[in-house]
Amino acid sequence: MHFAITSDQERSLLAADDEGDSDTVGELLEDIEESWRDGGLKVDTDKAWDAIHRCLTDGTLDPDGGEYPLSLAVLGGRHLHDEYYVVYISAAETRDVATALRGVDRTWLRRRFDAIDDPGYRGTRDDADFEYTWDGFADVRAFYERAAAAGRAVLFTAT
């Protein structure tokens, strides 16, 4: 799930992370997930996030893989929790990601999808899996456009 978080949520999450308080980060995340009302400023990619990240980076789930800013679209960024993915990117980075995602077309993503060669990838790597990935990617791209227009930081979560 991606959320375009408010500045208050951003401050609270970063303060908890600065203090090394992963319990508070988890509580804040739970509150965000349970109380979120603005469907336009969140997107759920289900399991497609895995292939999306691989396609936009170096084919792995390495958060540091790939190049800026595409590497930030899913797993790149500041990791706020040790037990599961809670990944933060700033509003400025959100704008950079939105701009970069505009340049990704179906042919480019398919070529990257077909090149995934990591035995850790659990998808089927067939046409149906690509369609699932492409649909998730299209949703993520539209989400980043809305988040950037709203001047929001983004939080990606996968538990």
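Strands β4 (residues 85–89) and β5 (153–158) run antiparallel and are joined by 5 bridges. Helices (H or I, at least four residues) and strands (E, at least two) are DSSP runs, numbered from the N terminus. Two strands count as paired if DSSP finds at least two bridges between them. Across this pairing, Y88 stands opposite L155 in β5. The model is a predicted one: local features need pLDDT of at least 70, side-chain atom pairs count only at pLDDT 80 or more, and totals for chains, interfaces and linings use all residues. Residues are numbered from 1 along each chain as its sequence is written, and side-chain values use heavy atoms, with hydrogens and water left out.

Strand β5 also pairs with β1 (residues 2–5). These two strands run antiparallel and share 4 bridges. The bridge partner of A4 in β5 is V154. Together, 5 strands form an open antiparallel sheet in the order β2-β1-β5-β4-β3. Its edge strands, β2 (42–43) and β3 (78–79), each pair on one side only.

Strand β5 is mostly covered, with 6 of its 6 residues buried. Buried means under 20% relative accessible area, exposed over 50%, and partly exposed in between (1.4 Å probe, protein chains only). Both faces of β5 are covered. A153, L155 and T157 are buried on one side, and V154, F156 and A158 on the other.

Helix α4 (residues 91–102) has 12 residues. The expected span of a helix is 1.5 Å times one less than its number of residues. The buried residues of α4 are A91, T94, V97, A98 and L101. Seen down the helix axis, these buried residues fall within an arc of 110°, so they line one face of α4. The arc is that of the directions from the helix axis to the C-beta atoms. The buried residues of α4 pack against α3 (48–56), β4, α6 and β5. Contact here means heavy atoms within 4.5 Å.

The largest nonpolar core has 49 residues. Such a core is a set of buried Ala, Val, Leu, Ile, Met, Phe, Trp, Tyr and Cys residues joined through side-chain atoms within 4.5 Å. L56, L101, Y144 and L155 have the most contacts inside it. Helix α6 (residues 127–149) gives the most to this core, with 8 residues. Not counting residues up to four places away in sequence, L56 touches L70, S71, A73, L101, V104, W108, L109, R112 and F137.

A search of the whole structure finds 6 aromatic pairs. Rings of Phe, Tyr and Trp (its six-membered ring) pair if their centres lie within 6.5 Å; planes under 30 degrees apart count as stacked, over 60 as edge-to-face and the rest as tilted. The rings of W49 and Y85 have centres 5.5 Å apart and planes at 70°, so this pair is edge-to-face. W49 lies in helix α3 and Y85 in strand β4, so the pair ties together parts that are 36 residues apart in sequence. W49 is buried, with a relative accessible area of 15%, whereas Y85 is partly exposed at 25%. Ring pairs link W49, Y85 and F156 into a cluster.
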